[in-house]
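Please describe the fold and packing of the protein shown here.

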Amino acid sequence: ASSVWRVLLVVALAAYCRSDDQDQTLQTGVIGSKVVEAVVGRIDASCVFTEDKLFMRRLAFVESHDGMNPETYRDGYHGGIWQVDEDMFKKTQSSSARFVLFEHIKRIQQEFGIDWPSAKWTDLRKPLYSALAARLYLLVNENGGDGIPRPIPAQAAYWHKFYRTNGDEEAFGTAVESLEKRCTTNQADLCFMLDGS
């Protein structure tokens, strides 16, 4: 049964991600909640990482309002929707990170065809690269921690400790509440109907 759901999710994401036969998750400078949700769904479906408890979705909104902040793709900055600073990106490719990230980097190559050690910071202008960099950076920074917590206040503390040390935990919580309110008022765009067979 779970394999059926995985196939349905992949098919839905493929249709959702593509516009004019181009994968929006790999296009430079794409913005908006639909591409963020497509990236997060694509990463979740790949099983490269453990469950993130909605953290990556929330992180995109907190960091750049899903890329809608006009500063997201500013001149000279290539961190993308997840706002991965250059030093954060370089940390994911450092020799010290190789041990921690070895299996994840191998899986990224298998699942997405991305050779992470060859990636450039400018590649993070593509939403999928930005999200992968953010997730890898968290793994390196956390290095043996307890993983991503579920409650929003705990996620705010996790974000402050492992991602944005100069960030305001209260601002994280406020942004996430705004996102959650927006999500509860939106209607579903996609519906699956399954019969008993």
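Is the crossing of α2 and α6 left-handed or right-handed? The crossing of α2 and α6 is right-handed. A crossing counts as right-handed if the near helix is turned clockwise from the far one by less than a right angle, and as left-handed if anticlockwise.

**Basis**

This is a predicted model, in which local features need pLDDT of at least 70 and side-chain atom pairs count only at pLDDT 80 or more, while totals for chains, interfaces and linings use all residues. Residues are numbered from 1 along each chain as its sequence is written, and side-chain values use heavy atoms, with hydrogens and water left out.

**Overall layout**

The chain has 8 helices and 2 strands. Their order along the sequence is α-β-β-α-α-α-α-α-α-α. Helices (H or I, at least four residues) and strands (E, at least two) are DSSP runs, numbered from the N terminus. The chain has 197 residues, and 44% of them count as buried. Buried means under 20% relative accessible area, exposed means over 50%, and partly exposed lies in between, with a 1.4 Å probe and protein chains only. Among contacts in the chain with a separation of 6 or more, 69% join residues 24 or more positions apart. Contact means heavy atoms within 4.5 Å.

**Helix pairs**

Axes are lines fitted to C-alpha atoms, for helices over the stretch in contact, and angles run from 0 to 180 degrees between N-to-C directions.

| Pair | Crossing angle | Axis separation |
|---|---|---|
| α2 and α6 | about 55° | 10 Å |
| α3 and α7 | roughly 65° | within 12 Å |
| α2 and α3 | roughly 150° | within 9 Å |

Take α2 (residues 33–46) and α6 (residues 127–142), which pack at about 55°. That angle makes α2 oblique to α6. Angles under 35 degrees count as roughly parallel, over 145 as roughly antiparallel, 65 to 115 as roughly perpendicular and the rest as oblique. From α2, the contact uses Val35, Val39, Arg42 and Ile43; from α6, Pro127, Leu128, Ala131 and Leu132. By class, this contact has 7 nonpolar, no polar and 1 charged residues. Here Ala, Val, Leu, Ile, Met, Phe, Trp, Tyr, Cys and Pro count as nonpolar, Asp, Glu, Lys and Arg as charged, and the others, Gly among them, as polar.

Next come α2 and α3, whose axes cross at roughly 150°. That makes α2 roughly antiparallel to α3. The crossing is right-handed. Ser33, Val36, Glu37 and Val40 of α2 meet Met56, Arg57 and Ala60 of α3. These residues divide into 4 nonpolar, 1 polar and 2 charged.

The α3 and α7 crossing is right-handed too. Phe55, Arg58, Leu59, Val62 and Glu63 of α3 face Ile152, Gln155, Tyr158 and Trp159 of α7. This contact has 6 nonpolar, 1 polar and 2 charged residues.

**The core**

In soluble globular proteins, nonpolar side chains tend to be buried together. The largest nonpolar core here has 51 residues. Such a core is a set of buried Ala, Val, Leu, Ile, Met, Phe, Trp, Tyr and Cys residues joined through side-chain atoms within 4.5 Å. Those with the most contacts inside this core are Phe55, Met56, Trp82, Val84, Trp116, Leu132 and Tyr163. At least two core residues come from each of α2, α3 (55–64), α4 (86–92), α5 (95–112), α6, α7 (152–162) and α8 (169–185). Helix α6 supplies the largest share, 10 residues.

What does Phe55 contact, leaving aside its neighbours within four places in sequence? Phe55 is in contact with Leu138, Ile148, Gln155, Tyr158, Trp159 and Phe172.

**Loop residues**

Most residues other than glycine have a negative phi. Leu54 has a positive phi of about 70°, and lies in the loop between α2 and α3. Asp66 also has a positive phi, of about 60°. Asp66 is found in the loop between α3 and α4.

Is Asp66 buried or exposed? Asp66 is buried, with a relative accessible area of 1%. Beyond its neighbours within four places in sequence, Asp66 is in contact with Ile31, Gly32, Ser33, Val36, Arg57, Ala60, Phe61, Ile81 and Arg182.

His65 lies in the loop between α3 and α4. His65 is partly exposed, at 39% relative accessible area. Its C-alpha atom is separated by 9.1 Å from that of Ile31, 34 residues apart along the chain.
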